[in-house]
Amino acid sequence: MFPRRSLHLYRRLPSSSIVPLSSRTMSTKTYVLPFDPTAPQATAQADPAKLWPAAFAGGDVKAPKTATSRVFFNADGNGSIASLSSLGEGFANKKENERREAVRRAVGSAVKAVKDLPETKEVEVDATVDAHAAAVAAHLAQYKFSLKTPDSRFNPNLKEPIPEKLKFTPSEGSKEWERGAVYAKAQNMARTWMELPANMCTPTIFCEQVKEAFSGLKNVEVIVRDEAWAEEKGMRTFLSVTHGTSEPAKFLEIHYKGASGDAKPLVFVGKGITFDSGGISLKPGNGMKLMRGDMGGAATVVATAWAIATLGLPINLNTLTPLTENMPGPSATKPGDVIYAMNGKSVEVDNTDAEGRLVLADAIYYGATEYKPHTLIDVATLTGAMDIALGEVYAGVFSDSDKTWEDLNVAGEIEYDRFWRMPLSEEFGPQIYSSNADLQNTGGRPGGSCTAALFLKAFAEGSTGDKPTMAWAHIDIAGVMEYTRGCPYMEKGMTGRGVRGLVEYATRLKV
Ligand SMILES: [Zn+2]
């Protein structure tokens, strides 16, 4: 509960300590101050025990819920702005992961409360409770994607890049703060790629932007392959998706060497459909623009790779993304067409809108056989059924490897970028094995995410049998790709979910 004495203090609080909006002076600094309502600590800028009750004049002063924020002007008499935010009742007794999330929510909502104030530019965040979580929340909360002029960062007429409006500093500098900032910047990077309209993020443009993002990073090589290369490799299921569009497809590889040359790599594969119309099995028009985000898997793994390289983690990582539009052009693949995948299996395309598994099939097989990783993780906005099952809360993980699942689960809980284990079972097999080909690319509505995962398993070479040579996990982010309501530290829109969980997973890898 909020301490009783604060009520007493409120009665004696001089009214001049809170300056109304109209007489605000130009402030030099904004302070983001998360506080524990059970034991509020005064800082040099503000004393929550005094200020908080004053914001609720005449009302009950109860322990405010987590992420309840109020903004105070000139609370220190020097013209500064203090954005106070509650860590919630019982904060001191919360378990680690819950504490971290309370810090994110409190800091995020405090930043949101001030980020649009014209005076707020330099923001000092009280990061004493958890510097990593505070940095994550501050950087995620300030993010807003806009193509409106004159402030759009993507306006081709821009002469100079537009800097971020807010400049954050922690109350005291630390490695943890820096790391948290990298996690969040990577997630924001993925959000931007997912938000960008398809005409502004074609496979070609995406590759150019990735090259730019990685330029200057150590031990990194970015390779952009074209369709001729994919043809040479026999990536026929990937290429089958490219036939309906005149936009050239790309196969992007990012190689990062943070460990010795002979250490087995981790491989990420990300689905990169830069626009998914459904192809000949055309989607309904309503809400189709959301399908600009169907390269969310690619955005997620590339942004994760950027964070891993920026942090200089001691692992080897190869990131692979097949990139194409899925369009209903005159040469488009038709329902019923049968394609022989790179691994020789025949695939009947029952529905051209189930194209994600087609581009992933060859990419997963190529990643497994070319790089012989210890673990291969693919990330994809794969099935609408995933959204039905787990909504915007959890990303579904399908894996035969208990260890990989457990590692992902631990990492996801630490970052509150949560995963839920889904069944990867041969029992779903008859739904996708019953056509005239080895595999069919749809298995009907029942268990739609599970049949998609089982389809991919056929290409994860080395992940099955008594002695698997590679662990494989498939992450379906179709549900978490977009927040329709937002959360205390994120606006609604494309989320970049999966990035922080995967960076944390890589950080904790012991190879
Ligand atoms: Zn589709």
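The model is predicted: local features need pLDDT of at least 70, side-chain atom pairs count only at pLDDT 80 or more, and totals for chains, interfaces and linings use all residues. Residues are numbered from 1 along each chain as its sequence is written. Helices (H or I, at least four residues) and strands (E, at least two) are DSSP runs, numbered from the N terminus.

**The core**

- The largest nonpolar core has 149 residues. Such a core is a set of buried Ala, Val, Leu, Ile, Met, Phe, Trp, Tyr and Cys residues joined through C-beta atoms within 7 Å.
- A residue is buried if 20 or more other C-beta atoms lie within 10 Å of its own, exposed if 12 or fewer, and partly exposed in between; C-beta atoms are placed from the backbone.
- Val107, Ala134, Ala137, Ala138, Phe268, Ala305 and Ile364 touch the most other members. Helix 9 (residues 296-311) gives the most to this core, with ten residues.
- Domain 1 (4-173) and domain 2 (182-477) both contribute residues, so the core lies between them. The domain bounds come from an automatic or database domain assignment.
- Phe268 touches Val301, Thr304, Ala305, Leu317, Thr319, Leu320, Ile377 and Val379, leaving aside residues up to four places away in sequence. Contact here requires C-beta atoms, placed from the backbone, within 7 Å.

- Strand 4 (residues 122-125) has Val123 and Val125 on its covered face, and Glu122 and Glu124 on the uncovered one.
- Strand 1 (residues 30-35) pairs with strand 4 in the parallel sense, over three bridges. Pairing requires at least two DSSP bridges between the strands. Val32 has Val125 as its bridge partner in strand 4.
- Strands 4 and 5 run parallel and are joined by four bridges. Glu124 stands opposite Thr169 in strand 5.
- From strand 4 the chain crosses through helix 4 to strand 5, a right-handed β-α-β crossover. Right-handed means that, with the strands pointing away from the viewer, the path from the first strand over the helix to the second runs clockwise.

- Most residues other than glycine have a negative phi, and most peptide bonds are trans.
- The bond from Thr149 to Pro150 is cis, with omega near 5°. Pro150 is in the loop between helix 4 (131-141) and strand 5 (167-170).
- Lys372 has a positive phi of about 40°. Lys372 lies in the loop between helix 10 (356-371) and strand 13 (375-380).
- Tyr416 has a positive phi near 55°. Tyr416 lies in the loop between helix 12 (402-415) and strand 15 (419-421).

Terms used. Contact = placed C-beta atoms within 7 Å.
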